[in-house]
Amino acid sequence: MVRHLTLLQIDPTAAIAPTADLVAWSRLGATYAPADLVDALKRRELVELAATIRPAEDLALYRAEMALRRDHAPGAFKYSRHPEWIRANDACRQDILARLAADGPLPSRTLPDTCAVPWASTGWTNDQNVIRLLDLMAAMGEVAVAGRQGRDRLWDLAERVYPDGPPVPADEAPRRRGERRLRALGIARAKTTEVPIEPWGVGEVGEPVVVEGVKGAWRVDPGQLDRLGEPFTGRAALLSPFDRLIHDRKRTLELFGFDYGLEMYKPVANRRWGYYALPILLGDRLVGKLDATADRKAGVLRVNAVHEDEPFDRTAVDAEIAELAAWLGLDLQR
């Protein structure tokens with residue numbers, strides 16, 4: 001599943017279940033257990049990279065760019081202040097590497113903050129010197145997340161975490177990543193809004209296509225074109241807001257006519273569908289949203305509302321809601 005999707009995003013919000021687990025359950029159903037994901041990470045079949053879980057072999061698509069950042073090559077970092085800040089705090093960087101070499105893996109709070117220049121931010125990252133430095137060292141391929149202790153990341157030397165093997169050259173890696181992304185999405189824009197974590201555009205890979213009634217350049221996975229004549233049997237599914245199918249909200253609107261946004265940061269009075277509403281897939285249509293909350297103290301999955309974007313038979317959807325409650329080990333409260 002992760003090889004097909006290319007990634008599972010990690011997000012701290014768990015109104016129903018942790019993001020990666022909820023995506024996996026939506027895709028795999030009741031056969032999925034969170035322990036399976038933990039085991040795959042422990043075996044290093046999967047690795048954590050920049051708030052995502054990826055197949056270990058895909059690290060080869062990133063390592064050449066990591067090396068360019070280690071060499072402070074021009075343009076290797078997205079922001080010019082990053083290499084400057086790293087150089088200003090090289091002594092702290094060396095202290096962290098030495099401590100991890102001796103005692104890793106370790107959580108960030110146990111690592112020495114000997115930064116000469118503090119990390120400055122107008123947001124919530126202000127003065128988070130060690131965390132910011134670790135993230136930049138991970139971008140350079142020097143350190144890596146070796147596991148988790150609750151929500152805390154455990155850091156170690158990257159050479160102990162990542163698989164060996166030659167990297168894909170830096171001038172070829174973006175195309176290869178675009179091909180992987182397009183196979184996962186099926187159809188995507190060549191270029192679109194720049195977003196953190198994982199691009200939504202796929203570049204010039206695949207085949208150019210026109211989407212009737214929608215402007216812009218689209219690309220389609222050639223393998224999907226070969227399957228157009230195959231019969232399709234859909235099912236009901238409750239999707240995580242971070243599922244690849246609907247994560248690009250503009251693409252979701254243009255291809256499916258489905259208006260959706262994650263509303264947990266909106267004031268309650270401004271929410272249309274709920275704090276953490278799950279898109280409802282029925283067959284080949286996105287038909288509504290489920291507003292539900294996992295109240296673990298009360299032991300219930302509380303269904304606040306089922307919003308219908310278009311009329312649909314509730315039978316299969318209600319069964320899927322019951323399956324979600326059972327998977328969570330909670331009683332269903334409608």
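Is Leu182 buried or exposed, and what is its relative accessible area? Leu182 is buried, with a relative accessible area of 2%, where buried means under 20%, exposed over 50% and partly exposed in between, using a 1.4 Å probe and protein chains only. The residue sits in helix α9, residues 173–185; helices here are DSSP runs of H or I with at least four residues, strands are E runs of at least two, and both are numbered from the N terminus. Leaving aside residues up to four places away in sequence, Leu182 touches Ile187, Ala188, Val202, Val205, Gly206, Arg219, Val220 and Asp221, a contact being heavy atoms within 4.5 Å. Gln224 is 42 residues from Leu182 in sequence, and their C-alpha atoms are 9.9 Å apart in space.

A word on the model itself. It is predicted, so local features need pLDDT of at least 70 and side-chain atom pairs count only at pLDDT 80 or more, while totals for chains, interfaces and linings use all residues. Residues are numbered from 1 along each chain as its sequence is written, and side-chain values use heavy atoms, with hydrogens and water left out.

Now the overall picture. The protein has 12 helices and 14 strands, and its C-alpha atoms fill a box of roughly 65 × 50 × 40 Å along the principal axes. For 334 residues, a compact globule would have a radius of gyration near 20 Å, and the 22 Å of the protein agrees with that; the radius is taken over C-alpha atoms, and the globule rule is 2.2 Å times the number of residues to the power 0.38. Of the 334 residues, 45% count as buried. Among contacts between residues at least 6 apart in sequence, 56% join residues at least 24 apart. The accessible surface comes to about 17100 Å², with 53% of it belonging to carbon and sulfur atoms; areas come from the Shrake-Rupley method with a 1.4 Å probe, and for residues only the protein chains shown count as cover.

Next, a helix pair. The axes of α6 (residues 90–103) and α7 (residues 129–139) come within 11 Å and cross at roughly 75°; axes are lines fitted to C-alpha atoms, for helices over the stretch in contact, and angles run from 0 to 180 degrees between N-to-C directions. That makes α6 roughly perpendicular to α7, the label for 65 to 115 degrees, with under 35 roughly parallel, over 145 roughly antiparallel and the rest oblique. Cys92, Arg93, Ile96 and Leu97 of α6 meet Val130, Leu133, Leu134 and Met137 of α7. As for α7, 8 of its 11 residues are buried, among them Asn129, Arg132 and Ala138. Their cover includes α4 (63–70), α5 (81–88), α6, β5 (143–149) and β6 (152–157). Just after α7, Gly141 takes a positive phi of about 75°.

Most residues other than glycine have a negative phi, and most peptide bonds are trans. Thr6, in the loop between α1 (2–5) and β1 (8–9), has a positive phi of about 80° although it is not a glycine, and Thr6 is buried at 4% relative accessible area. Ala51 lies in the loop between β2 (46–49) and β3 (52–55). Its phi is also positive, about 65°, but Ala51 is partly exposed at 29%. A cis peptide bond joins Gly104 and Pro105, with omega about 5°, and Pro105 lies in the loop between α6 and β4 (106–107).
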